[in-house]
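Hi there,

Here is the structure I promised to pass on to you. Have a look at it first, and then read my notes below.

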Protein chains: 2
Amino acid sequence: MPKAKRMTKQKQTILEILRSTTCHPTADWIYEQARKKLPDISLGTVYRNLNVLRDEGEIMELNYGSTFSRFDGNPRNHYHFVCESCGQVYDVDYPVQNQLEKVIEEKTGARVQYHRLEFYGICSACLENKDGQPS
Amino acid sequence: MPKAKRMTKQKQTILEILRSTTCHPTADWIYEQARKKLPDISLGTVYRNLNVLRDEGEIMELNYGSTFSRFDGNPRNHYHFVCESCGQVYDVDYPVQNQLEKVIEEKTGARVQYHRLEFYGICSACLENKDGQPS
DNA sequence: GTAATTGCAAATAATTTGCTGGGTG
DNA sequence: CACCCAGCAAATTATTTGCAATTAC
């Protein structure tokens, strides 16, 4: 069975900060806010709890599933599938929904320059491996 | 006027590598490939040229527009708008297209667990600032 | 009580930058 | 032949981790 998780005041505080803001803060910003309530909290603890909360499904982390950038030789917009098992990024053959950008512009008053759509999951190659061998 | 960009054999090589692969490599992988043709190329040069090529619109960089993660207290899927001027991330009020995931699963044979859709551009607050004052 | 979690600081990992000499236009 | 750009290595930035002390359950 998976390890039992405890609710500490540090974890509780971090979750409250995230739940009570509509901005999408960085770890460092959360750290600054948390210090107002818990002056001795450390940045390492903030990072550790953010990872725990993400793994528990309480919060979302917004990145490309990894700490480093990937580059694409095709500069025209297209969509991607990211395999969470092997880390591969695949192109997805699905028509680009450019009309969406107009809709969002009208909704928000912003100027939309481009959009990105990524699907996350397990690619077919990894699915086959999982069924076949344990490793 | 903007600076003139030169075409060096390093830049040329990096672009060829990116154009001739369907994978979405990291800077480090590109560096390894480039060294096969130019053994003395440095990792710093790879990074510099990737940034130049991205700014020229020749390639795409896949990340969230910044080097650090952002966190979202709402774990339910929803879409985001990222302002390229001020860096703010906003929630977008647009219905989540869950049926897309099925479509992609059938197309690719992968298991799709979730998807993300982000719009990039200039937010309304920054648009107003730009029109008003130069800074 | 005891094992998970903290604070601290040092370690990693990814990317950027300063400097000087070399190559492009 | 001027100036941009490469190589090298050191600097930055974001994040993770080892360890001894602390705390939640």
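**What I found around the DNA**

Sugar or phosphate accounts for 72% of the atoms of DNA strand D within 4 Å of the protein, and bases make up the rest. Please keep in mind that this is a predicted model, where local features need pLDDT of at least 70, side-chain atom pairs count only at pLDDT 80 or more, and totals for chains, interfaces and linings use all residues. Residues are numbered from 1 along each chain as its sequence is written, chains are lettered from A and ligands numbered from 1 in the order in which they are written, and side-chain values use heavy atoms, with hydrogens and water left out.

There are 21 residues around DNA strand D, counted as near if one of their heavy atoms lies within 4 Å of the strand. Tyr47(A), Thr8(B), Gln10(B), Thr45(B) and Ser69(B) come nearest.

Chain A is divided into domain 1 (1–75) and domain 2 (77–135), with bounds from an automatic or database domain assignment. Their centres, taken over C-alpha atoms, are 23 Å apart.

Best wishes
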